[in-house]
Amino acid sequence: SDARYVPFVRHQAAPYLSLATLATELYPELWAAWDWLGDALAATRPSEALEAYRRAVELDPARNLVWEKIIALAHGQGDDALALTAARRACDLNNIRNGACHSAARLAFAAADWPTVIYYFERGRYPEHAEDWAKLIRAAEHLGREADAARYLLMARQRNPADYDALLAKLP
């Protein structure tokens with residue numbers, strides 16, 4: 001009877017698609033109802049879940065966790081442009097949860113958007129995996145920023161020892 005109760009009902013009955021659908025019908029202006037519907041659909045109907053999440057962030061663009069859900073679904077459906085947009089939004093809203101920042105950097109690397117690769121790996125407090133360090137280094141090289149590439153390589157070797165020569169050889 002009141003939109004304020006939707007989070008409570010969701011907590012008690014989260015997996016029920018029928019209740020999530022009802023919440024969106026009763027409160028179509030409530031981002032949380034659409035997020036709930038997305039969660040209820042994600043495992044079995046990912047394209048519909050993606051649309052529900054998109055509706056949730058249209059209603060409240062400041063929901064970084066919903067943007068994070070969009071990253072995975074969009075990428076899984078082959079829409080890397082949407083995945084990159086979602087990753088950028090999630091990171092820009094909350095870079096402390098640096099997984100979105102790293103996703104933005106990886107997706108930008110796949111799109112050969114070298115400045116964005118560097119920006120989001122730095123914004124996410126640098127890579128955590130050797131493969132990502134190699135992408136950061138290669139992005140700097142593509143931009144002709146050899147001093148930065150050398151600095152990143154030194155940081156990578158200190159933080160995550162690996163065979164960076166071999167990893168870099170695999171990248172465009």
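Guide: Helices are DSSP runs of H or I with at least four residues, strands are runs of E with at least two, and both are numbered from the N terminus. This is a predicted model, in which local features need pLDDT of at least 70 and side-chain atom pairs count only at pLDDT 80 or more, while totals for chains, interfaces and linings use all residues. Residues are numbered from 1 along each chain as its sequence is written, and side-chain values use heavy atoms, with hydrogens and water left out.

Let's begin with helix α9, residues 130-142. Glu-141 and Arg-138 sit three residues apart in α9, which means about one helical turn separates them. Their side chains meet in a salt bridge of 2.3 Å, N to O; the term stands for a side-chain nitrogen of Lys or Arg within 4 Å of a carboxyl oxygen of Asp or Glu. An α-helix has 3.6 residues a turn, so residues three or four places apart point the same way. Arg-138 is buried, at 14% relative accessible area, whereas Glu-141 is partly exposed, at 27%. (Buried is under 20%, exposed is over 50%, and partly exposed lies in between, with a 1.4 Å probe and protein chains only.)

Arg-55 is partly exposed at 29%, and Glu-58 is exposed at 55%. The structure holds 16 salt bridges. One of them joins Arg-157 to Asp-165, with the closest N and O atoms 3.9 Å apart. Shared partners also join the salt bridges of Arg-10, Asp-35, Asp-39 and Lys-69 into one network.

Arg-10 leads us to helix α1. Val-6, Arg-10 and Ala-13 are buried in α1. Viewed down the axis of α1, these buried residues fall within an arc of 90°, so they line one face of the helix; the arc is that of the directions from the helix axis to the C-beta atoms. The buried residues of α1 pack against α2, α3 (31-41) and α5 (64-76). Phe-8, His-11 and Gln-12 are exposed on the other side of α1.

Thr-24 is found in helix α2 and is buried, at 7%. Beyond neighbours within four places in sequence, Thr-24 is in contact (heavy atoms within 4.5 Å) with Ala-33, Trp-34 and Leu-37.

The structure holds four aromatic pairs. Rings of Phe, Tyr and Trp (its six-membered ring) pair if their centres lie within 6.5 Å; planes under 30 degrees apart are stacked, over 60 edge-to-face, and the rest tilted. The ring centres of Tyr-126 and Trp-133 are 5.9 Å apart with planes at 5°, so this pair is stacked. Tyr-126 is buried at 17%, and Trp-133 is buried at 0%. Ring pairs link Tyr-126, Trp-133 and Tyr-152 into a cluster. Phe-109 and Trp-114 form an edge-to-face pair, 5.1 Å centre to centre with 70° between the planes, and both are buried.
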